[in-house]
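Open the model in your viewer and keep the selection tool at hand. This tour goes stop by stop and says what to select next.

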Amino acid sequence: MKNKYSIFSLVKNAFSYHENWQKAWKDPTPKKEYDAVIVGGGGHGLATAYYLAKKHNMKNIAVVEKGWIGGGNTGRNTTIIRSNYLWDASAGLYDHALKIWEGLSQELNYNVMFSQRGVMNLAHNLQDVRDLKRRTHANRLNGIDAVYLSTEEVKKFCPIINTSPDIRYPVLGGTLQRRAGTARHDAVAWGYARGADEMGVDVIQNCEVKGIKRNSDHVEGIETTKGFIKTKKVGVVAAGHSSVIANMAGLRLPLESKPLQALVSEPVKPIIDTVVMSNAVHAYVSQSDKGELVIGAGTDDYVSYSQKGSHQIVEGTLNAILELYPIFSRMRMLRQWGGIVDICPDASPILSKTSIKGLYFNCGWGTGGFKATPGSGDLFAHTIANDEPHKLNAAFNLNRFVSGDLVDEHGAAAVAH
Amino acid sequence: MFVINCPYCGERDQQEFKAGGEAHIERPKQPTELSDDEWAEYLFMRKNIKGVQFERWNHAHGCRKWFNMVRDTSNDEIKLIYKMGERPPSE
């Protein structure tokens, strides 16, 4: 049993100089066989294991992670959470996640610092205005809170934005989802790992998958750096490396892995109390609780697994940031990094069975997977446990690339996520 | 970010170029004969290799010509550049 985190446990542990805190998760060696193995110990993978154990009573399972948990894209994103997607299928998927976020800290007894500070999306040209108005209406029909803001209302909501009509990308309006916001990315991975561990899930770090053993039509186990693990169900949640794992099983996926960059500034006093996204110029900014500006840039257009992006991408983003927020002109950037994102042709994820029985893929989240972490885990767990998708992720199957029934969020909604 | 040796213009900064994805994907000769699965393979499925990959690039802000490149996607090291229509080297 895990000790409960509370103000009392904090005070109690202060008396022993915080040296006697219980370990949040064990460091197990892999067993010979599991009922299911999740490949990838990021937020989505750990959440999948958590819900498999909690809702589907599958306790004899493991999560294998080649590095350390939360060390991939979970720790490399800009932590934006929202659900204002255009299409019904996406709206259902992302709002399912948002509803879980709203009670997640209590459920996990782990403070994920979910902050519903609102997310504002800016319109910079007439097409943006039309698209964002259409999206606002679509959101409201799907029961998702959304309002359209005029330029004056944008300025009122976030006074530091430059709304002069003379700038290169003038602000013509925007949308606001008040339930949207941010969360602490590491805490999400740690909270799910602790919760899963408590229910008996083995979270195995530094264990890289080297091969997938399959009979002609079903999975028999995985080859790892810590030996062979026998299992009938393998759920792959490997983000940018999904294609690498798929190749091991002789599958091809409709994915391209590209570097996506982000950067943070030196910490300053509170200056921006919401999240502002500008899809047209690929500039997203919010402020972390430490005071750093968290800035998201765009992806490079070539395939790369190097976790580095091109300098001109960052330069373009900062040009746009400076024009929209002249007050940031003397800020210094502290750190910059890249994450490898797996992008689908329709910019929607894949949560799906495959042609191989017992092999499931949860991938293709591209530039916007963090926001979906709890919902993705919940629905993927359902898919693995029942060998059938939940109705909320049925549209996100691999077969849509054959049938043509794509969930085209790329062209129709915001390119950014 | 890297420097690309355009076969027509010489060494230029990568930001002058546009990546065109996986190379040597041939357009089906008999499109009407193709099944849905074969169309999906042609249109959407990609190798997306971590390691040495064959790609097409376009010198978009230069001569605007297309060419092929062999590049290691794990460290962005360019192994070889050859013109369109030339046969891919066998590793």
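Start with A:Y50. Its relative accessible area is 5%, so A:Y50 is buried (buried means under 20% relative accessible area, exposed over 50%, partly exposed in between, with a 1.4 Å probe and protein chains only).

Before moving on, note how to read the model. This is a predicted model, where local features need pLDDT of at least 70 and side-chain atom pairs count only at pLDDT 80 or more, while totals for chains, interfaces and linings use all residues. Residues are numbered from 1 along each chain as its sequence is written, chains are lettered from A and ligands numbered from 1 in the order in which they are written, and side-chain values use heavy atoms, leaving out hydrogens and water.

**Stop 1: aromatic rings**

A pair of aromatic rings is described by the distance of the centres and the angle of the planes. Rings of Phe, Tyr and Trp (its six-membered ring) pair if their centres lie within 6.5 Å; planes under 30 degrees apart count as stacked, over 60 as edge-to-face and the rest as tilted. Over all chains, this rule gives 16 aromatic pairs. The two tyrosines you have selected are one of them: the ring centres of A:Y50 and A:Y51 are 5.0 Å apart and the planes stand at 85°, so the pair is edge-to-face.

Next, select A:W101 and A:F114. Their ring centres are 5.8 Å apart and their planes lie at 20°, so this pair is stacked. The pair links distant parts of the chain, 13 residues apart: A:W101 is in helix α3 (residues 88-108) of chain A, and A:F114 is in the loop between α3 and β5 (119-123) of chain A. Helices (H or I, at least four residues) and strands (E, at least two) are DSSP runs, numbered from the N terminus. Are A:W101 and A:F114 buried or exposed? A:W101 is buried at 1% relative accessibility. A:F114 is buried too, with a relative accessible area of 18%.

Then pick A:Y5, A:W21 and A:Y110. They form one aromatic cluster.

**Stop 2: helix α2 and helix α6**

Select residues 43-56 of chain A, helix α2, and residues 185-198 of chain A, helix α6. These helices pack at an angle of about 30°, with their axes 8 Å apart (axes are lines fitted to C-alpha atoms, for helices over the stretch in contact, and angles run from 0 to 180 degrees between N-to-C directions). That makes α2(A) roughly parallel to α6(A). Angles under 35 degrees count as roughly parallel, over 145 as roughly antiparallel, 65 to 115 as roughly perpendicular and the rest as oblique.

Which residues of α2(A) and α6(A) make the contact? On α2(A), look for A:G43, A:L46, A:A47, A:Y50 and A:Y51; on α6(A), for A:A189, A:Y192, A:A193, A:G195 and A:A196. Contact means heavy atoms within 4.5 Å. By class, there are eight nonpolar, two polar and no charged residues here (Ala, Val, Leu, Ile, Met, Phe, Trp, Tyr, Cys and Pro count as nonpolar, Asp, Glu, Lys and Arg as charged, and the others, Gly among them, as polar).

**Stop 3: helix α2 and helix α9**

The contact of α2(A) with α9(A) divides into eight nonpolar, nine polar and two charged residues.

**Stop 4: single residues**

Select A:E107, in helix α3 of chain A. A:E107 is partly exposed, at 32% relative accessibility. Leaving aside neighbours within four places in sequence, A:E107 is in contact with A:Y50, A:Y51, A:K54 and A:I100.

Go to A:N60, in the loop between α2 and β3 (61-64) of chain A. A:N60 is partly exposed, at 24% relative accessibility. Not counting residues up to four places away in sequence, A:N60 touches A:K31, A:E33, A:Y34, A:D35 and A:A36.

**Stop 5: positive phi**

Most residues other than glycine have a negative phi. Select A:H18, where phi is near 55°, a positive value. A:H18 lies in the loop between α1 (7-14) and β1 (33-34) of chain A. Finish in chain B at B:H24, with a positive phi near 60°. B:H24 lies in the loop between β3 (18-22) and α1 (36-43) of chain B, and is partly exposed, with a relative accessible area of 40%.
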